[in-house]
Amino acid sequence: MANKQVTVATIREMKQNGEPITMITAYDVAMSRNVNEAGVDMILVGDSLGNVILGYNSTVPVTMDEMIHHTKAVMRGNSTALVVGDMPFMSYQASIVDAMYNAARFLKETGCTAVKLEGGSSVVPLVERLTQAGIPVCAHIGLTPQSVNQLGGFKVQGKDIAAAQKMIDDAKALEAAGAFACVLECVPAALAAKVTSELKTMATIGIGAGNGCDGQVLVCNDLLGVSTGFCPKFVKKYANLHDTTVEAVKEYIADVKARTFPAPEHTFKI
C-alpha cells in the first residue's frame with residue numbers, strides 16, 4: 001500500500017477488500033524513516049514510549065508534551081504511512097473539552113492524521129465529538145494499559161461470556177461513533193475474529209489477538225529485539241539488535257583501547 005499516502009479512507013478500503021493492515025509503533029525520526037522505507041501502512045506513536053524510551057514502569061506518567069515531542073519527530077521522518085498519536089493517561093478522561101483540546105494539539109502541532117484513545121462505551125460520546133470535529137479516532141479495547149492498576153495487571157481480557165459480549169458491544173458502539181480503527185489487545189483469538197466479523201467499517205488491529213483481525217501492530221523495539229528481559233508471548237522477534245549492538249560497541253571499545261581506531265582513513269591531513 002505504501003507507495004502513496006495512506007489515509008483513513010485507505011484503511012477503510014483495506015478492511016472492505018480483506019487486505020491485511022500493517023502497523024508499527026515507533027517513537028523517533030530514524031525509526032520512522034526505516035519503517036516507511038519498508039512500506040508499513042500505519043505508525044502508532046504509542047504512549048508505550050513511557051516504558052520503551054523513557055524508562056517508566058507503566059504508561060501512566062507519560063505527558064501530553066512528551067507525546068507531542070515524539071510524534072513531531074516521527075512526522076519528520078514520515079513519508080506515506082498514516083500516523084496515529086496516542087492520547088496519554090488523563091489527557092481525555094476528565095472532560096470532553098479537555099479531550100477535544102488535547103486531540104486537536106496532536107493534529108495542529110505535529111501534523112499527524114489521527115489520535116488513539118482507550119476505552120469502550122465510556123468513551124463513545126467523546127469519539128462522536130472528535131470525529132464530528134474532523135479528528136479521526138483509533139479506538140483501543142481489551143487490555144488497556146492505562147487502566148492496568150484497575151485491571152490488576154497485564155492479563156488477557158474477554159475470557160468469559162459476559163466480558164466477551166461487552167467487548168463485541170463496545171466495538172460496535174465505537175464503530176457507530178465513527179472510529180475508523182480499533183486496537184484489540186490481549187484478546188482470545190476466537191473473540192477477536194468474532195469482533196472483526198461483526199464490524200462493517202472499523203478495522204481491527206490486533207496485538208496478542210490472533211490473526212483473524214484486519215491488521216496487526218507490534219512495537220518496533222520488540223520486533224527488532226532491541227533489548228533483553230521480559231518479552232510478551234504475542235511478540236515475534238524478527239531480529240536480535242540487542243546482541244548486534246552490544247557486539248558492535250565492544251568492538252569499538254577494543255579498537256579505541258588498542259589505538260586501531262581512528263585509522264588513517266578516518267583521519268584528516270593538515
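This is a predicted model: local features need pLDDT of at least 70, side-chain atom pairs count only at pLDDT 80 or more; totals for chains, interfaces and linings use all residues.
The protein contains 11 helices and eight strands. Its C-alpha atoms, taken along the principal axes, fill a box of roughly 70 × 40 × 40 Å. For a chain of 270 residues, a compact globule would have a radius of gyration near 18 Å, and the protein has 20 Å, which agrees with that expectation. Of those 270 residues, 47% count as buried. If we look at contacts between residues at least 6 apart in sequence, 59% of them join residues that are at least 24 apart.

Let me turn to the helix pairs. Two packed helices are described by the angle between their axes and the distance between the axes. For helix α2, residues 29-38, and helix α4, residues 64-77, the axes come within 7 Å and cross at roughly 40°. An angle under 35 degrees would count as roughly parallel, and α2 and α4 are therefore oblique to each other. The crossing of these two helices, α2 and α4, is right-handed. On the α2 side the contact is made by Val29, Ser32, Arg33 and Asn36, while α4 contributes Ala73, Val74, Arg76 and Gly77. Sorted by class, the residues in this contact of α2 with α4 are three nonpolar, three polar and two charged.

While we are on α2, I would also point to Glu37, which lies in that helix. Is Glu37 buried or exposed? With a relative accessible area of 72%, Glu37 is exposed. Glu37 and Thr80 are 43 residues apart in sequence, and their C-alpha atoms are 9.1 Å apart in space.

The second pair is helix α6, residues 124-132, with helix α8, residues 161-177, and these pack at an angle of about 25° with their axes 8 Å apart. That angle makes α6 roughly parallel to α8. Here, too, the handedness can be stated: α6 passes α8 in a right-handed crossing. The residues making the contact are Val124, Val127, Glu128 and Thr131 from α6, together with Ala173, Leu174 and Ala177 from α8. By class, the contact of α6 with α8 has five nonpolar residues, one polar residue and one charged residue.

Finally, the backbone. Most residues other than glycine have a negative phi, and most peptide bonds are trans. Against that background, which residues here deserve a look in the viewer?

Met90 has a phi near 70°, a positive value in a residue other than glycine. Met90 sits in the loop between β3, residues 82-86, and α5, residues 96-110. With a relative accessible area of 43%, Met90 is partly exposed.

Arg259 has a phi near 60°, which is again positive in a residue other than glycine, and Arg259 is found in the segment after α11. The relative accessible area of Arg259 is 75%, so this residue is exposed.

Which two residues are joined by a cis peptide bond? They are Phe261 and Pro262, with omega at about 0°. Pro262 is placed in the segment after α11, the helix that covers residues 241-257.

Definitions and conventions
Residues are numbered from 1 along each chain as its sequence is written. Side-chain values use heavy atoms; hydrogens and water are left out. Axes are lines fitted to C-alpha atoms, for helices over the stretch in contact, and angles run from 0 to 180 degrees between N-to-C directions. Helices (H or I, at least four residues) and strands (E, at least two) are DSSP runs, numbered from the N terminus. Angles under 35 degrees count as roughly parallel, over 145 as roughly antiparallel, 65 to 115 as roughly perpendicular and the rest as oblique. A crossing is left-handed if the near helix is turned anticlockwise from the far one by less than a right angle, and right-handed if clockwise. Contact means heavy atoms within 4.5 Å. Ala, Val, Leu, Ile, Met, Phe, Trp, Tyr, Cys and Pro count as nonpolar, Asp, Glu, Lys and Arg as charged, and the others, Gly among them, as polar. The radius of gyration is taken over C-alpha atoms; the globule rule is 2.2 Å times the number of residues to the power 0.38. Buried means under 20% relative accessible area, exposed over 50%, partly exposed in between (1.4 Å probe, protein chains only).
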